[in-house]
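Work through the exercises below with the sequence and the model open. Each task is followed by its solution in steps.

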Amino acid sequence: PIEGSVSLLPAREAQMRALDLRTRASAQHAVIVLRDEDKAGARVYFRTPLVFSVHEAKGLEYPHVILHALVSGQRGAYAEVCDGVTPADLAVDDLAYRRARDKGDKSLELYKFYVNALYVAMTRAVQSLVLVEADTSHPLLALLGLKLAETGSASTAPPAQASTREEWAQEARKLELQGKNEQAQAIRASFLQVKAVPWMPWTEPLMRELLPRALDPLQTSTKPRQALLDYALWHGQHAWVQQLATQAQFQPAKSLAPGGSFGEPRTDAHGLLNHFSGYDQQKQLSGRAVAALRTRVLQPYTAHNFKEILRQCEQFGVDHKTPSGATPLMLAARAGNLALVDALLLRGANPALQDEFGHTPWLHALGRALIEPEFAKRSIAPLFERIAPPVLDVQTEGRLVRLQHQQGEYWVLSLMLAGFKTQGSRCEQRSLPHYRYRQGFFADGLQSLLDALPEHLWAARRKKRSYLNHLLARAEAASTYLPARKLWVRSYNGHYLPNPALQLRQLGEGENTSWRGVFDVLNLAWVDEGTAESRHIYPSQAFIIEQTKRRLQGLVSGGQAEEVF
């Protein structure tokens, strides 16, 4: 164990300036005051962003702590606390604490606050504690055996080693997670100043702004069309490719969607499906275009040398939006680049951030694993250890349901959240007919990924179709199984979608959380526009969900709801 030290310094400006000079650049030193209103006084002398009131400091620990005017700022109160107490009273093995005989007498509560505040403040320090007091002769300080430090001990010691940018980034992230937003923002303002990115990241608002120009056949510039095409291929939203082909007559889109048909069979004169000549070749061409675009976006994140990415993180912030609209951690996770994931987490990257489809870095990885079983076998287990949430908190019918990763429901719901965006997409190369995916999630489509998980994540006894079928049945909204988690609804025989009544916990800044409907998080309306069928052969995702909701509410029978397919 490291032997700690405690020092008492007079609150003289010269000594406080010297103490500030040696501590301000170190994330190992924090300043604690008694109350929130006392922080302004401390900041006059101490420029570190790590200034806390005692209440804020609860749960924190720092190697080195400075207590500023904690006792002398409340001279009278602390004088009453120690009135009549002698050093001999404290020189015992155990201190006896007794409540007042009169339980209605609250006169001692005030002293309890001051005693607890002093205890909390002093125990935040691990290695060294410095008390800076205007009244160094206060009886409480004498009672604690504190004497003025000798010249050259605390305030004139050599400067502490300055923390690196990465260390400050980690500290800011840690404080954010604990709800200490004021200090986290102060760190960013002091040590993590970043520039705005010089590009326009892909977003739904940007695409909606580009749509009129991109789909206007008279528009001479191809930039809006190319941006919409790239966005569509990256996110698997084939409807925009089809509209670029038919409305804008954009040649790159026409080559992928001849006749306005992207990855689907044409219909003949009678409206019947007809696998036209060259359909398989056309499907392969579409698949190669999607793969090529995604490879191009991910290429910097798959490389072993990612210094340029880390340089951009220093310049624009570790969670900046890349041109694709994702954060660097999202792309590193989708690429399965564990070394880059570790480097970004070390620099304070936030694994809880979501993109406009509700995807965190973990859901980005799961979304790829649903399409590529080899990626699931190679990367999902190590990524789980790094970026997966240990629990999923959801609400159904006003009841909180907490899903641990050991539960099968945790994995199935995670896959539904990750795969919803592309469940109705024709951009993905799949082994089973497209219409099965549009109807919802089903055992065959989930089994390959779940079977690829290692034993500690998905036990061998679960790698049976009967177990997955039982799991899907027991957690559906209409199930009588207890406990009734009601996580998904049966949209068709053997097919499931997230329960429209489900709400997901959204992590805000610090400890602030909120609840949002699952299809609001997953951006159902935008997904539905991007995966709509050009010939309306199959119902839209929104229609399926609405019919399912109506069936659950008893407005239509189960048989009628199933006839929409």
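**Exercise 1. Find how many aromatic pairs the whole structure holds, and classify the pair of Trp168 and Phe191.**

Step 1. A search of the whole structure gives 15 aromatic pairs. Rings of Phe, Tyr and Trp (its six-membered ring) pair if their centres lie within 6.5 Å; planes under 30 degrees apart count as stacked, over 60 as edge-to-face and the rest as tilted.

Step 2. The ring centres of Trp168 and Phe191 are 4.2 Å apart and the planes are at 5°, so this pair is stacked.

Step 3. The pair links distant parts of the chain, with Trp168 in helix H8 (residues 165-177) and Phe191 in helix H9 (residues 181-191), 23 residues apart. Helices (H or I, at least four residues) and strands (E, at least two) are DSSP runs, numbered from the N terminus.

Step 4. Trp168 is buried at 1% relative accessibility, while Phe191 is partly exposed at 21%. Buried means under 20% relative accessible area, exposed over 50%, partly exposed in between (1.4 Å probe, protein chains only).

The model is predicted: local features need pLDDT of at least 70, side-chain atom pairs count only at pLDDT 80 or more, and totals for chains, interfaces and linings use all residues. Residues are numbered from 1 along each chain as its sequence is written, and side-chain values use heavy atoms, with hydrogens and water left out.

**Exercise 2. Describe the pair formed by Trp240 and Trp526.**

Step 1. Trp240 and Trp526 are 5.3 Å apart centre to centre with 35° between the planes, a tilted pair.

Step 2. Trp240 belongs to helix H12 (residues 238-246) and Trp526 to helix H25 (residues 524-530), so the pair ties together parts 286 residues apart in sequence.

Step 3. Both Trp240 and Trp526 are buried.
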